[in-house]
Amino acid sequence: MRYLLIVLVCAVLGGCEKSAPQEKQAAVTDPGPPAAAKNLHPDIDRDWLFSHIEILSSDDFGGRAPATPGEEKTIAYLREQFAALGLEPGHNGSFFQDVPLVTITATTDDAVRVNSKDGTSIELPIGEDAVVWTKRVTPEAAISDSDLVFVGYGIVAPEFEWDDYAGLDVSGKTVVMLVNDPGFASQDPALFKGNAMTYYGRWTYKFEEAAKQGAAGALIIHETPAAGYPWSVVQGSWTGAQHDLVTADKNMSRASIEGWISSSAADKMLQAVGSSYAQLKEEALDRTMGSRELGLSASVAVRNSISTSNSKNVLAKIPGTERPDEYILYMAHWDHLGTDPNLEGDQIYNGAVDNATGTAGLLAIARAFMQQPQKPRRSIMFVAVTAEESGLLGSRHYAENPPVPLNKTVAGVNMDALHVTGPTRDVAVIGYGSSELEKYLAKAALQQNRTIGPEPTPEKGFFYRSDHFNLAKKGVPVLYAKSGVDLVDGGPEKGRALQAEHIQKRYHKPADEINENWNLTGSAEDLQLFFHVGSMLAGEKSFPQWYPGNEFKALRDASMMQ
Ligand SMILES: [Zn+2]
């Protein structure tokens, strides 16, 4: 999980009845959404859930790093559990899908050298002013006296009538762009999605678009509020060994050099041509002004040391009784950060919350479906993905090599780091306002006397930072939600305090370990919710859609035509 702070979002719904989750259930007779849900209240056994989290996060599993003995133990365990529950292999008769990985450790020049046309030379030291790399799986990559072209936010978004590359040929050149999107910059709710980040605001998109446009280099100017994190995160994330998927073209279609420069470094080089970072920000919001050559050129080289390895996604399915070729997909990443022999004391990143909870959640939901008197009408696919912590790689591999067609995949539900601090009155939806799946979630939540709402920091783009996003990118409507902070026992203040404590003391640390004092009632309620959503969807024929204006809607509409 990339860290997410959730605060109370509470719209009190009138007239909601107290539900009776423990009630004995009757057989499903009516497949319609509300009625079906009402009849389905699987008891998610908390002791059972705890015991699976305990095994997955044990020292014996070594922190579950991809391509380690910890992986072998984890995937063997998951296969065994899915098979014992009576599920079928989900990938061509196997429970496993190979995920070939490449690991690149780069050595970079000590600075990006920028020259102006009049001969002024500026050095941007690596680390302090710039961070660059190449995604190309090749021993060496470079840009040499490559012309810098300012392309605003680097966005081509027909649905927002925005094209930063209009009438521009950047082949062989290096594009320089701003992070986030015009909506965030202007805080104008009518521009993009206002304060909430769209996919176009994410750095991943900007590098992909630059490559599509044929750029040789792509540099994003960092600014803390717009990026959502400080420069130190840019420095830390892109140094050391970097994992990626092995692709057919060895990423040779990517720009040769990708990277970030700090806003002060941008200012420094822009002053050489009588401009400034502030001026670029103004220009970027002016549609008519468009992009322009900066009168600067840049040079930098990167040398790679390359190795490959193999990891696996674990796939298990319950075939549908009436429409077996249509799928509801549940996803959770099984991997975590492994073991670090250089650490003093505890060296194992057990990843109990992140994400033994979500992985055990897959097993719990699978068990709930298998315990129903009637099997689902549509098929249910459970996917435990690898290498989330290395950049959402396992889920990307699944989405790019789907074992079942994505236009037959009705919806995806992602679980990443369930809450272990007790039940809450609120359910926080990451990327709230995206799709009709929220209607299903709201219906299910109502039966638990809970309400759903947005998480409080949509400008940080958390929707684009966990595994479900790779399905969204292919058009599949996805749901990513979890307990909010309004604790039934203690309210939002206590909920926020406990979350803050978790982030400070345990998040991505060896201390993320299982604890006898955990209260899994809230996790169990969340799993019931996700079960209900999938169960409603499995009982009907419709395909829920992205809401109009969503950046993935056009993709889905096109793929459904096929
Ligand atoms: Zn996670």
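Helices here are DSSP runs of H or I at least four residues long, strands are DSSP runs of E at least two long, and both are numbered from the N terminus. The model is predicted, so local features need pLDDT of at least 70 and side-chain atom pairs count only at pLDDT 80 or more, while totals for chains, interfaces and linings use all residues. Residues are numbered from 1 along each chain as its sequence is written, and side-chain values use heavy atoms, with hydrogens and water left out.

**The chain as a whole**

The protein chain holds 16 helices and 21 strands. Its C-alpha trace spans about 80 × 50 × 50 Å along the principal axes. The radius of gyration (taken over C-alpha atoms, with a globule rule of 2.2 Å times the number of residues to the power 0.38) is 24 Å, which agrees with the value near 24 Å that a compact globule of 562 residues would have. As for burial, 56% of the 562 residues count as buried. Buried means under 20% relative accessible area, exposed means over 50%, and partly exposed is in between, using a 1.4 Å probe and protein chains only.

**Strands side by side**

Let's start with β17, residues 378–385. Eight of the eight residues in this strand are buried, so β17 is largely enclosed by the rest of the structure. Two strands pair if DSSP finds at least two bridges between them, and β17 has partners of both kinds. Strand β13 (residues 292–318) pairs with β17 in the antiparallel sense over five bridges, and L315 has V383 of β17 as its bridge partner. Strand β14 (residues 323–333) runs parallel to β17, joined by eight bridges; here H333 stands opposite V385 in β17.

Strand β13 also pairs with β6 (residues 140–150), antiparallel and over eight bridges. In that pairing, A141 stands opposite V302 in β13. Moving on from β6, three bridges join it to β9 (residues 174–178), and those two strands run parallel. F150 stands opposite V176 in β9. One thing to keep in mind when you look at these strands: in a regular strand the side chains alternate between the two faces of the sheet.

**Salt bridges**

Side chains of opposite charge can pair when their charged atoms come close. The rule for a salt bridge is a side-chain nitrogen of Lys or Arg within 4 Å of a carboxyl oxygen of Asp or Glu, and by this rule the count comes to 27. Three of them are set out below.

| Salt bridge | Closest N and O atoms |
|---|---|
| D129 and K268 | 2.7 Å |
| K408 and D325 | 3.5 Å |
| D557 and K553 | 3.6 Å |

Take the D129 and K268 salt bridge, with its closest N and O atoms 2.7 Å apart. D129 sits in the loop between β4 (121–125) and β5 (130–133) while K268 sits in helix α8 (residues 263–271), so the pair ties together parts that are 139 residues apart in sequence. D129 counts as buried because its relative accessibility is 5%, whereas K268, at 37%, counts as partly exposed.

Next come K408 and D325, which form a salt bridge with the closest N and O atoms 3.5 Å apart. K408 belongs to the loop between α11 (393–400) and β18 (409–414) and D325 to strand β14, so this pair ties together parts 83 residues apart in sequence. K408 is partly exposed at 31% relative accessibility, and D325 is partly exposed with a relative accessible area of 40%.

D557 and K553 both lie in helix α16 (residues 553–561), four residues apart, about one turn of the helix. D557 is partly exposed, with a relative accessible area of 35%, but K553 is buried at 18%. Elsewhere, salt bridges that share partners join E322, R323, E326, R377 and R378 into one network.

**A look at the cavities**

A cavity is a set of points, on a 1 Å grid over the protein atoms alone, where a 1.4 Å probe fits but cannot get out; lining residues have an atom within 4 Å of a point. Grid points are joined across faces, edges and corners, and a volume is the space filled by probe spheres set on the points. Searching the whole structure finds five cavities of 30 Å³ or more. The second largest cavity has a volume of about 50 Å³. Its lining is made up of P42, D43, I44, D45, W48, A364, R367, A368 and Q371. Helix α10 (residues 352–371) provides the largest share of that lining, four residues. By type, the lining residues divide into five nonpolar, one polar and three charged, where Ala, Val, Leu, Ile, Met, Phe, Trp, Tyr, Cys and Pro count as nonpolar, Asp, Glu, Lys and Arg as charged, and the others, Gly among them, as polar.

Methods:
1 Å grid on protein atoms, 1.4 Å probe; cavity = no way out; pocket = protein on both sides within 12 Å on 5 of 7 lines; lining within 4 Å.
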